[in-house]
Amino acid sequence: MSPRQETAGGRRGREAASWLAVLVAAGVGVGLIWDAAGRVGSTYDEVTYLNVAAEWWRTGRQESIARMGSPLTFWKLQQAAVLAWLDASGRGGWIDHPEPNRAWLLPVVRRGAVWIWVVGLVATAVWAGMVYGPAARAVAAGLFAFGPNLVAHGTLITMEAPVTACAAVSGLGAWIWLDRGWRGGWWLSAVAAGVGLSCKFTILAFVPLIGVGQAWVLMRRGNRFWAEVVPRVVGCGVGYLVVMAAVDGVITGGAAIPLSETRGEHPALEAWVGPELSRVLGGFLEQRWPQDFVAFVRQMQHQASGGPSYLLGERRPRGWFHYYLVALAVKLPLGVLMMMGARAVWDRRVARGRPADGLLLVIPLGLLGLASIGSTRNYGVRYLLPAAPAMVVWMAGLVRAGWGGRVVCGLGLTMTGLATMGIHPHELTFFNRLAGGPAGGRWILADSNLDWGQGAPELARLQRQRPELADLTTYYFGQGDPGDYGVQGRRIVIDASSDPSGMPRRIEAETAYVGVSSSLIWGPWGPEGVFERLREIEPVAWTGDRTIAVYRREDVVAE
C-alpha cells in the first residue's frame with residue numbers, strides 16, 4: 001500500500017470514527033431528553049402552547065398566540081405530527097381537553113419534537129467538521145449532547161430548541177458563503193433564518209451579525225470600506241431580510257390579523273397623539289397585517305414596558321445590563337468554562353488565517369451584547385441559546401491546539417457529561433459547583449433558570465414518600481393545577497401576571513405544612529414582601545429538583 005493510499009485510508013477512518021461519535025452523542029442526548037420528557041412537569045410556557053396548539057388543531061384559530069407576542073410556527077413544528085397521531089390512534093380526547101390530560105399529553109408531545117433538537121446537533125457537528133475537521137465534529141456533537149442547558153430546553157416544547165436549530169443551520173450556511181463564496185450558503189442561511197423568525201424573533205439579530213462577519217471578510221481581503229464593503233453588506237442585509245420575510249409568509253400561510261383588537265374608538269391612541277391623528281392611525285391599526293408582524297409589534301411593546309426581573313436577591317422592573325454575564329458564569333458547566341478559557345488562550349495555535357472563522361465569535365458575542373443592551377426582561381439564560389451552535393464550533397477548534405488542546409477537550413467533555421448526568425432529569429435547574437448547584441443558584445437567578453413551574457411531579461413524589469406532607473397548602477408558581485400531577489392538599493396558583501389583584505397578602509394555611517415555589521421566594525413573581533422572609537427559614541423538605549420548599553405551618557404563618 002502506498003503512502004498516499006495509507007493517508008486516504010486514514011482519512012476515511014477518521015471520518016467514519018467522527019460520524020460514529022456524532023451518532024453516539026445524538027443517541028445519548030435523545031435518551032436524556034426522552035427520559036426527562038416523562039419526568040419533568042409542565043413549565044410555565046408549555047401549558048399555554050399546549051392549549052394554543054389544541055385550539056388551532058380543532059378550530060383553526062391561532063390569533064391568541066400573536067396577541068401574546070409569540071410567532072406561529074415553532075409550536076406547529078413541535079406538535080402537529082403528534083396531534084395527528086393522537087387523532088389517528090383514538091386519543092383525540094386528549095386534544096379536546098388538554099388541561100386535565102396534561103400529565104399524559106405533554107410527554108408524548110415533547111418526545112415527538114425531539115427531532116428538532118437532533119437537527120441542531122447535526123448542523124452544529126457538520127459546521128465544526130467543515131471548519132476544523134473530523135475530530136472537531138465529534139467534540140461539537142458531544143458538547144451539544146451533554147450541555148445541560150441544551151438538553152433542558154431540548155426537552156421542552158418552547159421556542160428555544162426550534163430557534164437554536166435554525167440558528168445552527170443559518171450559521172452553517174453563512175460560514176459556507178463567507179468562506180467558500182458559494183451563494184447557496186447565503187440562501188441556506190437566509191431561509192433557515194426565515195423559519196427561525198417564525199420560531200423566535202431573536203433570530204433577527206443574525207441580520208446585522210452576519211453583516212459584521214461579511215464586512216470583516218471583505219476587509220481582510222483588501223476591499224475598500226466605504227466604496228465596496230458598505231454597499232455590499234447593506235445590499236446583502238436587505239436581501240436577507242426580504243428572504244426571511246418571504247419564508248415567514250410562506251410557512252405561516254399568509255395568516256393576517258389587525259394590529260388592534262378593537263375597531264372605531266382608540267382612547268389610548270387619542271390620548272397620546274390627539275383626535276385628528278388618532279383617526280388616521282386608527283385605520284392603520286385596524287388593517288390586517290401578517291400575524292407574525294403583529295406578534296413582533298406586541299413583543300416590542302413588552303420589551304419597551306420591561307418586566308419583573310430577579311438577580312442576586314434583588315427584584316427590578318427592567319432588568320440589569322450584566323444579567324447575562326452572571327447567568328453564563330453560573331449556568332455553564334465548569335468543563336465548558338475551562339474549554340472557553342483554553343480556546344481563548346490558545347487562539348493563535350488554532351487560527352488558520354481564514355477570515356470567515358470570525359463569524360464563530362461575532363454571533364455569540366454579538367448576541368450577548370445585544371441581549372445585555374436591549375433586553376428589559378431578564379427571564380433566563382435561554383435567551384442566549386441561539387448563540388450556542390457558533391460557540392460550540394469555536395470551542396471544538398481546541399482539537400487544533402496540539403496535545404494540550406486535545407487533553408482539555410477530553411477533560412471538558414468528561415466534566416460536562418458528568419455534570420449533566422449528575423442532575424438528570426432536572427437539567428433545567430442546573431447551576432455549576434461554583435454557584436453551589438441549585439441550592440446556591442436559587443439566590444442568584446430564578447424563573448426559567450431554576451423554577452419555571454415544573455416541580456409538581458416532584459412534589460407529588462415527595463408526598464408519596466412522606467405521607468404526612470399530604471396535609472399541605474402549596475403556593476405554586478406556574479400555570480395549571482399541580483393536582484393534575486397528583487399533588488394533594490390545597491393549591492394556590494400564582495402566575496406571572498403583574499396585576500396584584502387576587503394575590504395573597506400574607507401566607508395563610510390551615511394545614512400542617514406549607515409548600516412554596518422557589519420563584520416566589522427568590523424570584524420576581526408573587527406579591528412583594530410576602531414570601532421573601534422564607535429565605536431565612538429552614539424548610540423541612542425540598543422537592544428533588546429544588547423548585548419547591550416545604551415548611552412547617554408554625555414556622556411561616558403569622559398568627
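A salt bridge here is a side-chain nitrogen of Lys or Arg within 4 Å of a carboxyl oxygen of Asp or Glu. Welcome to a predicted model, where local features need pLDDT of at least 70, side-chain atom pairs count only at pLDDT 80 or more, and totals for chains, interfaces and linings use all residues. Residues are numbered from 1 along each chain as its sequence is written, and side-chain values use heavy atoms, leaving out hydrogens and water.

**First stop: E46 and R110.** Select these two side chains, which meet in a salt bridge at 2.7 Å, N to O. They link distant parts of the chain, 64 residues apart: E46 is in helix 2 (residues 44-59) and R110 in helix 6 (residues 102-112). Helices are DSSP runs (H or I, at least four residues), numbered from the N terminus. E46 counts as buried at 0% relative accessibility, as does R110 at 1%. Buried means under 20% relative accessible area, exposed over 50%, and partly exposed in between (1.4 Å probe, protein chains only).

**Next: R58.** D87 lies in helix 4 (residues 74-88) and R58 in helix 2, so the pair ties together parts 29 residues apart in sequence. Shared partners join R58, D87 and D96 into one network. R58 is partly exposed, at 36% relative accessibility.

**Before you go:** how many salt bridges does a search of the whole structure find? The search finds 23.

Conventions
Helices (H or I, at least four residues) and strands (E, at least two) are DSSP runs, numbered from the N terminus.
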